[in-house]
Amino acid sequence: MINRITPLLLFIGLAWGQDVLVAVDGKEHKGKLLEQEEEYLFFLPDGAKQAQKLPIRLIKEIRLG
């Protein structure tokens, strides 16, 4: 079921603004969630020109803006 909801959440997040990524160490990063794969996601931090490929295991939470 989560796999069916993820593309919808990604679309909503891209359409409406800023996302907040919370790492397992508690640090928060603002930017845009661009894409999610099985083990990685691509996140474009505010002010960056290139997306970062991050392992999903290091992500605690993503708040879509």
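Colleague: Which side chain meets that of Glu 28 in a salt bridge?

Modeller: As a general idea, side chains of opposite charge can pair when their charged atoms come close. The criterion is a side-chain nitrogen of Lys or Arg within 4 Å of a carboxyl oxygen of Asp or Glu. Here Glu 28 meets Arg 63, at 3.0 Å from N to O. Glu 28 lies in strand S2 and Arg 63 in strand S5 (residues 59–63), so the pair ties together parts 35 residues apart in sequence. Strands are DSSP runs of E, at least two residues, numbered from the N terminus.

Colleague: What sort of model is this?

Modeller: It is a predicted model, where local features need pLDDT of at least 70, side-chain atom pairs count only at pLDDT 80 or more, and totals for chains, interfaces and linings use all residues. Residues are numbered from 1 along each chain as its sequence is written, and side-chain values use heavy atoms, with hydrogens and water left out.

Colleague: How many salt bridges are there by this rule?

Modeller: The count is 2. Glu 61 also pairs with Arg 63, at 3.2 Å from N to O. Shared partners join Glu 28, Glu 61 and Arg 63 into one network.

Colleague: How do S1 and S2 run relative to each other, parallel or antiparallel?

Modeller: Two strands pair if DSSP finds at least two bridges between them. S1 (residues 19–23) and S2 (residues 28–36) run antiparallel, joined by 4 bridges. Glu 28 is the bridge partner of Val 22. In their hairpin, with 4 residues between the strands, Gly 26 takes a positive phi near 95°.
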